[in-house]
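Try each task before you read its solution.

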Amino acid sequence: MNKKIAFFDSGIGGLTVLHKAMQQLPQEQFLYYADTLHVPYGTKSADEVRGHIFECAEAIVRENVKAIVIACNTATSLAVKDLRAMYDIPVIGMEPAVKPAVEMNRESGKRVLVFATALTLSQNKYNELVSRVDDHHSVDSIPLPELVEWCEQLDFDPEKSAAYFRRKLADLDLNAYGTVVLGCTHYPFYTQILRTVLPDHVQIIDGSTGTVNRLKHLLGLTEQTGMRPREQVTFLSSSGRLEDQENMRRALEYLDTNYM
């Protein structure tokens, strides 16, 4: 039997990365594991979150998967090095797409705005990334903790979300920015709503494309053709609640029409 590729996140945010993988690898089988007992991660201490991640990783590995994608920027920054040392299968992490964003705006001189969780933004891994690529000091960052909570509740109300973005961005000159980086995997659920708030010239990117490309490289996979089977994904959660699995299915369906 073909082994599954596992995707892990604190909740449903990592489905945005899984969705990208499903588009490019329709012949693969996937397992999606959400730590619904402990979501959100972004407001907890680093040590607490690391403990939750290691427990979930053990549960995932027992499913005999062939790779694990840590589809969470916060979890990657806290634990990916340890997980790679613990297991003999590929462990693929994520980081906010700051480097491509800076490169995209190098000629125009426009600034880059990163949305991420407070915990991601506080980590050395993120600050080292920015220091390494931001040679013109053009990167700004804002935490958006409410989006994770709304996303977990499948609350994608366009009016409420747009008003929230406008409040968070009220003090910024948006014409100075060329790219917004969605540095939390929950945030792309709100991409279409965010587009209605930003000026037309501002591009929105996230780290899912680079992560899926890395996954394909490590497993020796090329982009596949064919229809996506309905039962391509097995859903599991730390809570074991059936309603959590149903929420994951509903969220994945939402992405089919609201996230490219």
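## Exercise 1: Around Val-139

Leaving out residues up to four places away in sequence, Val-139 touches Val-98, Val-102, Arg-111, Val-112, Val-114, Tyr-126, Val-130 and Asp-134, where contact means heavy atoms within 4.5 Å. A word on the ground rules: this is a predicted model, in which local features need pLDDT of at least 70 and side-chain atom pairs count only at pLDDT 80 or more, while totals for chains, interfaces and linings use all residues. Residues are numbered from 1 along each chain as its sequence is written, and side-chain values use heavy atoms, with hydrogens and water left out.

Task: find the element that holds Val-139, and decide whether Val-139 is buried or exposed.

Solution. 
- Step 1: Val-139 belongs to strand E6; strands (E, at least two residues) and helices (H or I, at least four) are DSSP runs, numbered from the N terminus.
- Step 2: Its relative accessible area is 14%, so Val-139 is buried. The cut-offs are under 20% for buried, over 50% for exposed and partly exposed in between, with a 1.4 Å probe and protein chains only.
- Step 3: For a sense of distance, pick Lys-216, 77 residues away along the chain: its C-alpha atom and that of Val-139 are 29 Å apart.

## Exercise 2: The two faces of H6

Task: which residues of H6 are buried, and what covers them?

Solution. 
- Step 1: Tyr-126, Leu-129, Val-130 and Val-133 are the buried residues of H6.
- Step 2: These residues lie on the same side of H6, because they cover an arc of only 95° around the axis; the arc is that of the directions from the helix axis to the C-beta atoms.
- Step 3: Turned away from the buried side is a face with the exposed residues Asn-124, Glu-128, Ser-131 and Arg-132.
- Step 4: The cover over the buried residues includes helix H4 (98-104), strand E5 (111-116), helix H5 (118-122) and strand E6 (139-143).

## Exercise 3: The open sheet

Task: in what order do the five strands of the open sheet run, and which strands stand at its edges?

Solution. 
- Step 1: The order is E4-E3-E1-E2-E9, with parallel pairing; two strands pair if DSSP finds at least two bridges between them.
- Step 2: Strand E4 (91-92) and strand E9 (233-237) are at the edges; each has a single partner strand, so one side of each lacks a neighbour in the sheet.
- Step 3: Now look at one pair: strand E1 (residues 5-9) and strand E3 (residues 67-70) are joined in the parallel sense over four bridges. Ala-6 is opposite Ile-68 in E3.

## Exercise 4: The largest pocket

Task: what is the volume of the largest pocket, and which element gives the most to its lining?

Solution. 
- Step 1: The largest pocket holds about 340 Å³ of space. On a 1 Å grid over the protein atoms alone, a pocket is an open set of points with protein on both sides within 12 Å along at least five of seven lines, and lining residues have an atom within 4 Å of a point. Grid points are joined across faces, edges and corners, and a volume is the space filled by probe spheres set on the points.
- Step 2: Of its 19 lining residues, Gly-93, Met-94, Glu-95, Gly-210 and Thr-211 lie nearest the centre.
- Step 3: H10 gives the most to this lining, with four residues.

Conventions:
1 Å grid on protein atoms, 1.4 Å probe; cavity = no way out; pocket = protein on both sides within 12 Å on 5 of 7 lines; lining within 4 Å.
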